[in-house]
Amino acid sequence: MKPPAKPPPKRPSKSTQLAHAARAASESPRTVNLPTDRASTVLFDSLAHMDAEQQRFNRDEQVPTYGIFNMPQAVALENAVAELEGGYRAMSFPSGMAAVSGAILSCVISGDHLLMTDACYDPARHFCDRVLSRFGVETTYYDPTIGADIASLMRPNTKAVYLESPSSITFEVQDIPAIAQVAHEAGASVILDNAWATGMYLDAFGLGVDVVVQPATKYYAGHADALIGLVVARESHWPRVKQTNYHMGQRAGTDETFLTLRGMRTMSVRMQQQSASALRIAEWLQSRPEVEVVNHPALPSHPQHALWMRDFKGASGVFSFSLRSVTQTQLAAFIDHLQCFGLGYSWGGFESLVMASYPTRTVKPWQGGQLVRLSIGLEDVEDLIADLEAGFVRLNGR
Ligand SMILES: *Cc1c(COP(=O)(O)O)cnc(C)c1O
């Protein structure tokens, strides 16, 4: 029973005014987009209501109980990404790298063994070598092109095989179904970093992947203004992905969630345009005397072009190339004065980026030389080619 209400004071004190002012819930307009959730706390009507909502939450219904759990905007993004990637459900993380570590931690425990592609995103390698190792999880790196021969590396305690295909600097395409089959026969989970193709161009779950890492910082958000990651799980792997995320207190920020929902609306057209421009530039680079090899899976000359044709529905706008016997001065002359390409890490935004990289490899030394990676944006493709051409003129003058 509620105690009888005291008559309200004629003038609420300043502190009460401050707590209650400007909170009148307006009739919610039927807007196109969801309102932004800014919340730590979710209020309940009564103890019974709180208890009922908590029970629904415990049954895995998408009810909000606290700012970190199931706020409508986060759920909208997670469900949209799960659908696009073809998984059961998804959780958001505060960065792509947090999604990488979260995905791995949901599949291994102390005493387990992880097989990791030697072409992985570098910070993922550091996570394995410097964090997992401290918790008794051993990592073995494998040649990304190993295919079904990965069977020779499986141990009784191998609990997860991690793939990144194509890898984001060297662009090897992995035989996902072959690796997944071996892993599943041994009872191991298959994790794939699907940053490059996204669910637009790769049906990872259809090829046997159990957990998809999606660094949505790249194509989903697409505007170089948000850091966010998602982990998408198959139904069998959903409980552990969700629990790892919750227990580690991971959640994408409100602005990042909003920006990603907004960015996603144009992801299909952005990727189509960037894909077409990137392929055109890759073909042009192949004709340049300064260029040794262009690493782009959609080129027939790519060593795993057939695998890419078999498994992928398209190519995104990121690829790399190596220069013939180039000095550091020549490399700088080429890169430093590019007008359309920003020099920076990351990729997948609307703007073109360039980066020089010499890949880290521990299984067998990298043979492909100094690489230049391009992320092709939405600029006019002829302007981009002219910019690169001027770079070659500078390079040749040194
Ligand atoms: C960028 C990237 C990540 C990490 O994403 P962040 O949001 O920058 O932490 C993970 N994997 C790949 C392949 C990436 O390119």
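What follows is a short exchange about a predicted model.

Trainee: Why are S1 and S3 called edge strands?
Mentor: Take the order first. The open sheet has seven strands, S1-S7-S6-S5-S4-S2-S3, with mixed pairing. S1 and strand S3 (138–142) each pair on one side only. From one strand to the next, the twist averages 20 degrees.

Trainee: How do you know that S5 and S6 pair?
Mentor: Pairing needs at least two bridges between two strands. Three bridges join S5 (residues 189–193) to S6, so the pair passes that cut-off. The two strands run parallel. Leu-192 stands opposite Val-212 in S6.

Trainee: Which residues of helix H8 are called buried, and why?
Mentor: Buried means under 20% relative accessible area. In H8 (residues 238–247), Trp-238, Val-241, Lys-242, Thr-244, Asn-245 and Tyr-246 are buried, so each of these falls under that cut-off.

Trainee: What do the buried residues of H8 pack against?
Mentor: They pack against helices H2 (47–58) and H4 (96–105), and against strands S1 (89–93), S6 (211–214) and S7 (229–233). Just after H8, Gly-249 takes a positive phi of about 65 degrees.

Trainee: Which elements give two or more residues to its lining?
Mentor: Helix H3 (72–85), S1 and H8 do. The lining includes Ala-74, Glu-78, Met-91, Ser-92, Asn-245 and Tyr-246. By class, the lining has six nonpolar, four polar and two charged residues. Glu-78 and Arg-251 line the cavity, and Glu and Arg count as charged.

Definitions and conventions. Residues numbered from 1 in each chain as written. Predicted model: local features only at pLDDT ≥ 70, side-chain atom pairs only at ≥ 80, totals over all residues. Heavy atoms only, no water. Buried < 20%, exposed > 50% of the residue type's maximum accessible area, 1.4 Å probe, protein only. Helix = DSSP H or I, 4+ residues; strand = E, 2+ residues; numbered from the N terminus. Contact = heavy atoms within 4.5 Å. Axes fitted to C-alpha atoms, helices over the stretch in contact; angles between N-to-C directions. 1 Å grid on protein atoms, 1.4 Å probe; cavity = no way out; pocket = protein on both sides within 12 Å on 5 of 7 lines; lining within 4 Å.
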